[in-house]
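Please keep the sequence and the structure at hand while reading.

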Amino acid sequence: MVCSDSPIFSPIYKNEEGSISSEDDGFSFKSTSVVQIQLCSAGVLSITGTPDLAGNEPPRLTVSIGTAAPIDYAFSRARTIHIKIHDERDVFFAFLNDYYRSDIRKAVLSEIDFEGSSCKGFQNTELSREKGDKWDSKNSIATLISAAPLIPFTLVPCGPGKISMVVQGHEGKGVLPVLAIYQNGMVIANIETTQYLRQVKMLVSDAPITIVIRNPYVGTLADRNLHIRHVEFIPNTAVDY
């Protein structure tokens, strides 16, 4: 390996997609994640970072070098830290004190069932897992948040008959969600949710049923991030910090 003033970093753990991204000459921690940098000699590692402050503590960079105990560096403002590296080794950077609060308009659909004249249940159900959308097939519970999910919540009944479900809304920006139910490309029902459990029943054909939130809303209230703007390694330096 050839020493470089701009070390190459490799993400080795991320809590979710988008937890870490390249930025400037470094990277941004947006959720819990760990990065590895391989160094080829002794020297000084200089790290410049800026914070997005949220909650009751600043973002912290946890640095692990070899078998030494990890060290936490708090970034309450823009700062540059200098770390002595005594020999060739891997260095790990971790962002472990992520903090995020949001205001989300959400609909929860439970006890989802279908009964036809000659069959019961659904042939298939689909929902892409993105931005908080969830489908619990074991308990027949769907959580809907996204404005335009890649795969909207879709149920394929076994035939014509009656679909039933219990619907509950959670406010976002002081407004409850409104559900639209589609079949054959047309809206067959609009459901205004309440904060209380509400049972919904309706007759449907055997065509796929799609359910979406008509008025989605997700607002960020607080988001703690750490932006590593620049990482520089000076090999075999005589500078003493």
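The sections below treat a sheet, an aspartate and a set of charged residues in this predicted model.

## The open sheet

Five strands make up an open sheet, arranged in the order β12-β15-β20-β17-β18, and their pairing is antiparallel. At the edges stand β12 (122-126) and β18 (186-192), each of which pairs on one side only. From one strand to the next, the twist averages 20°.

Within this sheet, strand β17 (residues 178-183) pairs with strand β20 (residues 209-213) over 5 bridges in the antiparallel sense. Ile181 stands opposite Ile211 in β20.

Asp133 is found in the loop between β12 and β13 (134-136). Because its relative accessible area is 3%, under the 20% limit, Asp133 counts as buried.

The side chain of Asp133 reaches the backbone nitrogen of Ile145 at 2.6 Å. A polar contact of 2.8 Å also joins the side chain of Asp133 to the side chain of Ser146.

## The salt-bridge network

The count of salt bridges comes to 2, and Glu57, Arg60 and Arg224 are linked in a network of them. Between Arg60 and Glu57, the closest N and O atoms are 3.5 Å apart; between Glu57 and Arg224, the corresponding distance is 3.8 Å. The latter pair links distant parts of the chain, 167 residues apart: Glu57 lies in the loop between β5 (43-52) and β6 (60-65), and Arg224 lies in strand β21 (residues 218-235).

Arg60 is partly exposed at 29% relative accessibility, and Glu57 is partly exposed at 30%. Arg224, by contrast, is buried, with a relative accessible area of 3%.

Definitions and conventions
Residues numbered from 1 in each chain as written. Predicted model: local features only at pLDDT ≥ 70, side-chain atom pairs only at ≥ 80, totals over all residues. Heavy atoms only, no water. Pairing = 2+ DSSP bridges. Helix = DSSP H or I, 4+ residues; strand = E, 2+ residues; numbered from the N terminus. Axes fitted to C-alpha atoms, helices over the stretch in contact; angles between N-to-C directions. Buried < 20%, exposed > 50% of the residue type's maximum accessible area, 1.4 Å probe, protein only. Polar contact = N/O pair within 3.5 Å; in protein donor to acceptor, adjacent residues only side chain to side chain. Salt bridge = Lys/Arg side-chain N within 4 Å of Asp/Glu carboxyl O.
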